[in-house]
Amino acid sequence: MVAEGFDPREIGDKLQEHPKAVLWLDLFDPDEDDLRVVAAEFRLHPLAVEDAVHDHQRPKLDRYPGHLFMNVYAVQVTTGAPGPRMDKTEISAFITERALITVRKSRSDLSAFIRRWDADAGLAPTGGVGFLVYGLLDVIVDGQFAAARQLDEAMDRTEDEMLEVGGAPRGVRRYGFALRKTLAELRRPVAPMAGLIADVMRSDTELVDEHLAPYYRDIDDHARRATETIDSARDRINELIEADLTEQSNALNDVTRKLAAWAAIIAVPTALTGFFGQNVPYPGYEKFWGFLVSLGLIVGSAAGLYVYLKRRGWL
């Protein structure tokens with residue numbers, strides 16, 4: 001560290017004064033007028049400046065004459081009630097030969113980047129701007145991987161509840177749908193990271209030397225694991241929801257089968273009483289023993305149907 005907290009208009013003088021130093025400049029939600037001084041100093045392409053000003057750019061690495069433009073997302077997940085929620089911070093970065101210029105679209109904590117750079121300070125003398133980009137990407141990807149694991153662990157806690165007999169309670173089912181939605185939201189900023197890191201590591205960018213290459217490969221591994229964790233968790237939650245729907249369908253079928261069985265039991269006595277209640281002579285008509293015969297047929301047929309359906313598992 002040779003200087004910090006100086007006026008952006010002194011950037012050119014500072015870089016000339018320290019020819020072996022590199023610059024990190026962080027800007028919070030600037031507009032095009034705010035970026036004009038920096039763009040003129042580092043000859044930033046107008047299209048890159050436009051992307052840095054406007055929100056909701058996709059994760060990417062674009063090449064322009066004299067610099068690179070990168071867009072990534074820092075994410076944070078909470079899994080408490082009433083459902084999981086993801087917060088993200090869009091970070092754009094201009095990468096030049098001697099400077100890393102970050103543009104944050106919303107407020108976020110920069111201490112994690114500083115701690116990462118301080119922890120690997122031994123790479124700074126030879127790493128240059130590539131070292132700064134490594135620290136930035138490492139914190140971003142580690143945060144994405146941690147968010148993916150956090151959602152996966154939240155799914156473990158709800159899996160048993162969703163597989164209860166008769167289907168999960170409504171609150172658990174709603175939490176499962178919220179998990180699936182949050183996983184889909186998380187995948188959008190995470191999935192492109194492996195390709196973005198591969199582009200950064202290309203030799204024509206001249207950012208990653210032989211000393212930094214193993215560290216970038218480690219970031220690439222974490223990015224791929226984060227995507228795999230999200231895909232695996234999304235498959236699990238889809239299977240759990242399908243299993244819950246199947247369990248609900250089985251419970252409904254069981255209820256329907258029982259209702260049909262009771263309807264059959266009731267239908268036979270109803271038919272018998274209807275027959276004996278007609279105003280026509282029948283065996284035992286106007287006799288007490290005829291009443292006993294009809295009553296015996298009603299009770300016997302109903303009991304017989306009950307025993308039969310019970311043995312078949314319908315009751």
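Reply: Happy to! Helices here are DSSP runs of H or I with at least four residues, strands are E runs of at least two, and both are numbered from the N terminus. Keep in mind that this is a predicted model.

His56 sits in the loop joining α3 and β2 (60-64), and its phi is near 65°, a positive value in a residue other than glycine. Because its relative accessible area is 69%, His56 counts as exposed. Arg43 belongs to the loop between α2 (32-42) and α3 (46-53). Its phi, near 55°, is also positive in a residue other than glycine, and Arg43 is exposed, at 71% relative accessibility.

Now to the pockets. The largest pocket has a volume of about 1500 Å³. Its lining takes in 45 residues, with Ala21, Val22, Leu23, Trp24 and Leu132 nearest the centre. Elements that each supply at least two lining residues include α1 (11-17), β1 (23-28) and α6 (129-162). By class, 25 of the lining residues are nonpolar, nine polar and eleven charged.

The second largest pocket has a volume of about 380 Å³. Here 21 residues form the lining, and Ala74, Val75, Gln76, Val139 and Gly143 lie nearest the centre. β3, β4 (85-95), α4 and α6 each give at least two residues, and α6 contributes the most, with six. This lining divides into ten nonpolar, six polar and five charged residues.

Terms used:
Residues numbered from 1 in each chain as written. Predicted model: local features only at pLDDT ≥ 70, side-chain atom pairs only at ≥ 80, totals over all residues. Heavy atoms only, no water. Buried < 20%, exposed > 50% of the residue type's maximum accessible area, 1.4 Å probe, protein only. 1 Å grid on protein atoms, 1.4 Å probe; cavity = no way out; pocket = protein on both sides within 12 Å on 5 of 7 lines; lining within 4 Å. Points joined across faces, edges and corners; volume = space filled by probe spheres on them. Nonpolar A, V, L, I, M, F, W, Y, C, P; charged D, E, K, R; others polar.
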